[in-house]
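The entries follow in the order I took them.

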Amino acid sequence: LRTMAGKVKWVTDIEKSVLINNFEKRGWIQVAENEDWNFYWMSVQTIRNVFSVETGYRLSDDQIVNHFPNHYELTRKDLMVKNIKRYRKELEKEGSPLAEKDENGKYIYLDFVPVTFMLPADYNLFVEEFRKNPSSTWIMKPCGKAQGKGIFLINKLSQIKKWSRDSKTSSFVSQSSKEAYVISLYINNPLLIGGKKFDLRLYVLVSTYRPLRCYMYKLGFCRFCTVKYTPSTSELDNMFVHLTNVAIQKHGDDYNHIHGGKWTVSNLRLYLESTRGKEVTNKLFDEIHWIIVQSLKAVAPVMNNDKHCFECYGYDIIIDDKLKPWLIEVNASPSLTSSTANDRILKYNLINDTLNIAVPNGEIPDCKWNKSPPKEVLGNYEVLYDEEMAQSDGSDRDLRNRSGQSTGVKGTRARDSGKPVLTTWK
């Protein structure tokens, strides 16, 4: 067993199982091993301990970990929105065409996160926005929880006040000891298939933030609700209608344990191509890739880019009935447990392909590796964005295809020549 100090100790099978059990209790999950080394998938709590100022320690060159020290800048719901808002403002100051707005003051290209406020800090701003459209529905989520825990929908200000009283929060003006929440405008016109709401779970691997290099996993999936969707206010409390989380849906009477209420992304593509057409389907997935890259660029300046780190994120995307994708949240520890046979195969391949990029050829890790592996080791990953390569060939313009048109360097639109225009931001 290779210890954290780098020493190798021979252990019996019984001793090894005891050690591994202890590791798992500390948030380490063993995912691979060979004769020379053991690889453990660390929980976010373990990462905090590893990089803690008080108790942390220095990693050696042959030690790599599966989270960046401050990964929460992207994966905490409140910080993700805060960083994206800051990113927009910075692009505006620079006069970037990406920050262009329409006549109503909405971002044309960077409007991919629902209107969101932090509670209790932004309560007054939320009330002002709510009163502009009193019939709107909003969704409240605790900032630091996952698997649908603590989420509920509201459509009246009185419900917020009741939540405040129930939590013994004396005032919305000052930050209290009450756990922080985000409140976002609910996407009440989701794209439905079979009358049911769904979202996309996509896996994105980041090997380095500076320069940014990220990979998209081709085997993502859709997660469906078990109950048909209705925007009726009488069903606001029915989470089987509104929340796609498997942790919630598996408790429903209509949950199917064979397919787990899941579709592969490739099946979704086929469905959309047959019902909406190939061109708009390609445009949709191009926009999803655009959203992912922009969200990573938004946090890159504040991310601690430790050379020992990589990260596999779980992106949650919702598509509305106009085929506009929305970024809902990013997960630091996407579930690696399997609820179906197909799930087991997918997640086994996900871990395997991730390790082949993080630890090429199964060799003893070396954090000084060139983090741009050859195509043959990518498996089901494909390069989504390589900042270094983009800058070297002069194509880093952050532009994208828009209905057969592309935005020029100065924000001017190229005329549609009738030929498909390739995305230029990659």
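I started with helix α9 (residues 265-275) and helix α10 (residues 278-299): their axes come within 8 Å and cross at roughly 140°. Axes are lines fitted to C-alpha atoms, for helices over the stretch in contact, and angles run from 0 to 180 degrees between N-to-C directions. So α9 is oblique to α10. The cut-offs are under 35 degrees for roughly parallel, over 145 for roughly antiparallel, 65 to 115 for roughly perpendicular, and oblique for the rest. I listed the contact next (heavy atoms within 4.5 Å). α9 brings Val-265, Leu-268, Arg-269, Leu-272 and Glu-273. α10 answers with Lys-278, Thr-281, Asn-282, Leu-284 and Phe-285. I sorted the residues of this contact into five nonpolar, two polar and three charged. Ala, Val, Leu, Ile, Met, Phe, Trp, Tyr, Cys and Pro count as nonpolar, Asp, Glu, Lys and Arg as charged, and the others, Gly among them, as polar.

Note on the source: this is a predicted model, where local features need pLDDT of at least 70 and side-chain atom pairs count only at pLDDT 80 or more, while totals for chains, interfaces and linings use all residues. Residues are numbered from 1 along each chain as its sequence is written, and side-chain values use heavy atoms, with hydrogens and water left out.

I then checked α4 against α10. Their axes are 8 Å apart, and the packing angle is about 90°. The two helices are therefore roughly perpendicular to each other. α4 puts Asn-83, Ile-84, Arg-86 and Tyr-87 into the contact, and α10 puts in Gln-294, Lys-297, Ala-298 and Val-299. I noted four nonpolar, two polar and two charged residues there.

Sheet next. I traced four strands in an open sheet, ordered β3-β6-β4-β5, with antiparallel pairing. Helices (H or I, at least four residues) and strands (E, at least two) are DSSP runs, numbered from the N terminus. Strands pair if DSSP finds at least two bridges between them. β3 and β5 (152-154) are at the edges with a single partner strand each, so one side of each has no neighbour in the sheet. On average, neighbouring strands are turned by 30° against each other, direction ignored. Between β4 (residues 138-142) and β6 (residues 181-185) I found five bridges. Ile-139 is set opposite Ser-184 in β6. α4 packs on this sheet, touching β3, β4 and β6, and its direction makes about 130° with that of β3. α5 lies across β3, β4, β5 and β6, at about 140° to β3.

Which residues are closest to the centre of the second largest pocket? I took its volume first: about 960 Å³. Of the 33 lining residues, Lys-106, Asp-111, Val-113, Pro-114 and Val-115 are the closest to the centre. α4 (77-94), β3 (116-119) and α5 (123-132) each supply at least two lining residues. α4 gives the most, with five. I counted 12 nonpolar, eight polar and 13 charged residues in this lining.

Last, I searched the whole structure for cavities of 30 Å³ or more and found one. On a 1 Å grid over the protein atoms alone, a cavity is a set of points where a 1.4 Å probe fits but cannot get out; a pocket is an open set with protein on both sides within 12 Å along at least five of seven lines; lining residues have an atom within 4 Å of a point. Grid points are joined across faces, edges and corners, and a volume is the space filled by probe spheres set on the points. The largest cavity holds about 170 Å³.
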